[in-house]
Amino acid sequence: MKKSLPLILVLFVILVGFSACSTYNSMVTLEEKVDTAWAQVENVYQRRADLIPNLVETVKGAANFEKETLTAVIEARAKATQVQATIGSDVVNDPEAFQRFQAAQGQLSSALSRLLVTVERYPDIKANKNYLALQSQLEGTENRIAVERRHYNEAARAFNTKIRRFPTSLIAKMTGFSRKQYFEAEEGAEKVPQVKF
């Protein structure tokens, strides 16, 4: 019995070691999925930012178009791009940086919505083939943003669930894994917008 006790202890230590390695590797895999999903979110936001200058230039050509609407879109795009550049790659782990990113993108979405509503008053712009093509691309991009944000939230949920479960939570704390942020609906999103012409 005394001779088998050290063997049992060694086997137990090996089993715990393998279990810890397996748990760590699964957390790494889930974190990589979160990072990949985040990269896609940034990719579609960049696509939208790249479309905006063309949209603005197309609209600028219309006579008597509201300059302040265009200025708001240009400024919101600049701010969103600046925030994206300054927050760094660790935004999903930093609640404040994540909130700044989401707020800047929300301001840009709001400015674009105002621009599109304002354009409704200008039949010449609405009939412009370039404008129609850009509007279609922008609408498609907004849909992609929603899809990629959902995919990111799903990846973040899977990761956050994994690192909160016991005993994985102990290994996560020891190895520095931390909770990822979620995209949430903007304040006031539950209210139906009123459009007036």
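Guide: A salt bridge is a side-chain nitrogen of Lys or Arg within 4 Å of a carboxyl oxygen of Asp or Glu. The structure considered here is a predicted model.

Visitor: How many salt bridges does a search of the whole structure find?

Guide: The pairs include Lys-180 with Glu-31, Glu-142 with Arg-48 and Glu-154 with Arg-150. For the whole structure, the search gives a total of three.

Visitor: How many residues apart are Lys-180 and Glu-31?

Guide: The closest N and O atoms of Lys-180 and Glu-31 are 2.7 Å apart, and the two residues form a salt bridge. The pair links distant parts of the chain, since Lys-180 lies in the segment after α6 (168-175) and Glu-31 in helix α1 (residues 4-60).

Visitor: Are Lys-180 and Glu-31 buried or exposed?

Guide: Buried means under 20% relative accessible area, and exposed means over 50%. Of these classes, the one that applies to both Lys-180 and Glu-31 is buried.

Visitor: Which helices does the pair of Glu-142 and Arg-48 link?

Guide: Glu-142 forms a salt bridge with Arg-48, with 3.0 Å between the closest N and O atoms. The two residues are 94 residues apart and belong to distant parts of the chain. Arg-48 is in helix α1 and Glu-142 in residues 129-164, so the helices linked are α1 and α5.

Visitor: Why does Arg-48 count as buried?

Guide: The limit for a buried residue is a relative accessible area under 20%. Arg-48 counts as buried because its relative accessibility is 0%.

Visitor: In which helix do Glu-154 and Arg-150 lie?

Guide: Glu-154 and Arg-150 form a salt bridge whose closest N and O atoms are 3.2 Å apart. Glu-154 is partly exposed, with a relative accessible area of 38%, and Arg-150 is partly exposed as well, at 44%. The two residues are four residues apart, about one turn of the helix, and both lie in α5.

Visitor: What is the relative direction of α1 and α5?

Guide: The axes of α1 and α5 come within 8 Å and cross at roughly 160°. Angles over 145 degrees count as roughly antiparallel. The relation of α1 to α5 is therefore roughly antiparallel.

Visitor: What is the handedness of the crossing of α1 and α5, and how do the residues of the contact divide?

Guide: The crossing of α1 and α5 is left-handed. The residues of the contact of α1 with α5 divide into 21 nonpolar, eight polar and nine charged.

Conventions. Residues are numbered from 1 along each chain as its sequence is written. This is a predicted model: local features need pLDDT of at least 70, side-chain atom pairs count only at pLDDT 80 or more; totals for chains, interfaces and linings use all residues. Side-chain values use heavy atoms; hydrogens and water are left out. Buried means under 20% relative accessible area, exposed over 50%, partly exposed in between (1.4 Å probe, protein chains only). Axes are lines fitted to C-alpha atoms, for helices over the stretch in contact, and angles run from 0 to 180 degrees between N-to-C directions. Angles under 35 degrees count as roughly parallel, over 145 as roughly antiparallel, 65 to 115 as roughly perpendicular and the rest as oblique. A crossing is left-handed if the near helix is turned anticlockwise from the far one by less than a right angle, and right-handed if clockwise. Ala, Val, Leu, Ile, Met, Phe, Trp, Tyr, Cys and Pro count as nonpolar, Asp, Glu, Lys and Arg as charged, and the others, Gly among them, as polar.
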